[in-house]
Amino acid sequence: MIEEKIQRAAELIVSSRYAVALTGAGVSTESGLPDFRSQEGLWRQYDPSEVATLSTFYRDPHKFYAFYRHRLALLREAKPNPAHYALARLEALGKLHVVVTQNVDGLHQQAGSQRVLEVHGNLREARCTGCGKMFPIHVLDPFLERAEIPTCDSCGSALKPNVVLFEELLPVEVFEEAEASCRRCDLLLVVGSSLQVTPVAYLPHVAIRHGARLILVNAEETPVDKFADVVLRGKAGVLLPRLVEEVERRLA
Ligand code: APR
Ligand code: ZN
């Protein structure tokens, strides 16, 4: 059964004119980074309202940074997995124009994807909440080791990792570019997202409304399964390489 679906998905990719991938934390779990909402997700261990909102950053920066110290330690060990490489290969084959990602781990770029839109920011850098000065994320390390709040060397204000927290706006230009690519695409490949968080959760509907076909690669059901042309249920690190293998065979 899954083989037929992979064939069908490969046909859609080969015949697509402008394909876009939309990824979530599920594409990085096989790199050892927990996602948020599945059984072993981060939001099962931590309450997001206590560690991932802008108000908690200001109200209790020590709790906020205890969480981010854990996340940054996990990220240091993480490497791209076959799912990331498969999407980079699809772009190299000219059959994927852009990866819109909710992930802040930078693994798509490390795997070789050239056009990546990070709509939830990134964990490569931190921004000063006072003067806006940017710092590479490793500047936080000595502060976190001493359990101190990282501060700006210019104005002394607290530094914040450059990720979009709940209650924060997404980077406007990046999201507008992501939305424009979903309006323009004739194929959207959604990989490893529960599609619970807006405004990203609207993007598949933007694509569908503009006539795009939809392929879903996810371990669990999502709210857009019923709109999908193909649903590949399982691990992205296994399914995507198989899918790209089929695309290569057809393009040869
Ligand atoms: N292969 C395929 N799917 C997987 C895999 C895998 N190896 N591992 C997990 N999944 C699926 C899970 O079943 C789940 O449906 O990926 C999905 C991940 O969903 P979430 O944990 O909700 O992650 P995401 O959709 O990226 O969350 C969106 O929420 O907390 C915020 O800012 C955070 O960017 C994040 C946003
Ligand atoms: Zn500053």
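Visitor: How many aromatic pairs does the count come to?

Guide: Keep in mind that this is a predicted model. Two rings of Phe, Tyr or Trp pair up here if their centres lie within 6.5 Å. By that rule, the count comes to nine aromatic pairs.

Visitor: Is the pair of Trp43 and Phe67 stacked, tilted or edge-to-face?

Guide: Centre to centre, the rings of Trp43 and Phe67 are 5.7 Å apart, with 35 degrees between the planes. Planes under 30 degrees apart count as stacked, over 60 as edge-to-face and the rest as tilted. So the pair of Trp43 and Phe67 is tilted.

Visitor: How far apart in sequence are the parts that Trp43 and Phe67 tie together?

Guide: Both Trp43 and Phe67 are buried. Trp43 sits in helix α2 while Phe67 sits in helix α5, so their pair ties together parts of the chain whose separation in sequence is 24 residues.

Visitor: And what kind of aromatic pair do Phe64 and Tyr68 form?

Guide: Phe64 and Tyr68 both belong to helix α5, four residues apart, which is about one turn of the helix. Like Phe64, Tyr68 is buried. Their ring centres are 4.7 Å apart with 25 degrees between the planes, and the pair is stacked.

Visitor: Which residue lies over the face of Phe143?

Guide: A charge counts as over a ring if, for Arg, CZ is within 6 Å of the ring centre and within 35 degrees of the ring normal. Here the distance from the ring centre of Phe143 is 5.5 Å, and the residue over its face is Arg146.

Visitor: Let's turn to the largest pocket. Which helix gives the most to its lining?

Guide: The largest pocket has a volume of about 1,000 Å³. Its lining takes at least two residues from each of α2 (42-45), α5 (61-77) and β8 (213-218). The one that gives the most, with five residues, is α5.

Visitor: Which residues lie nearest the centre of the largest pocket?

Guide: The lining has 50 residues in total. By class, 24 of them are nonpolar, 16 polar and 10 charged. Nearest the centre are Gly24, Ala25, Asp35, Phe36 and Arg37.

Visitor: Which residues does a cis peptide bond join?

Guide: Most peptide bonds are trans. In this model, Pro199 is in the loop between β7 (187-191) and α10 (203-209). With omega at about 0 degrees, a cis bond joins Thr198 and Pro199.

Visitor: Is Leu195 buried or exposed?

Guide: Leu195 is found in the loop between β7 and α10. Its phi is positive, about 50 degrees, although Leu195 is not a glycine. Its relative accessibility is 6%, and buried means under 20%, so Leu195 counts as buried.

Visitor: What about Glu167, buried or exposed?

Guide: Glu167 lies in the loop between β6 (159-163) and α9 (172-184). Phi of Glu167 is near 80 degrees, again a positive value in a residue other than glycine. Its relative accessibility is 55%, and exposed means over 50%, so Glu167 counts as exposed.

Visitor: What separates the C-alpha atoms of Val99 and Val116?

Guide: Val99 is part of strand β2 (residues 98-101). Val99 has a relative accessible area of 2%, so it is buried. Val99 and Val116 are 17 residues apart along the chain, and their C-alpha atoms are separated by 4.7 Å.

Visitor: How far apart in space are Asp153 and Lys133, C-alpha to C-alpha?

Guide: Asp153 sits in the loop between α8 (141-145) and β6. At 59% relative accessibility, Asp153 is exposed. In sequence, Asp153 and Lys133 are 20 residues apart, and in space their C-alpha separation is 9.3 Å.

Note on methods: Residues numbered from 1 in each chain as written. Chains lettered and ligands numbered in written order. Predicted model: local features only at pLDDT ≥ 70, side-chain atom pairs only at ≥ 80, totals over all residues. Heavy atoms only, no water. 1 Å grid on protein atoms, 1.4 Å probe; cavity = no way out; pocket = protein on both sides within 12 Å on 5 of 7 lines; lining within 4 Å. Points joined across faces, edges and corners; volume = space filled by probe spheres on them. Nonpolar A, V, L, I, M, F, W, Y, C, P; charged D, E, K, R; others polar. Phe/Tyr/Trp six-rings, centres within 6.5 Å; stacked < 30°, edge-to-face > 60°. Buried < 20%, exposed > 50% of the residue type's maximum accessible area, 1.4 Å probe, protein only.
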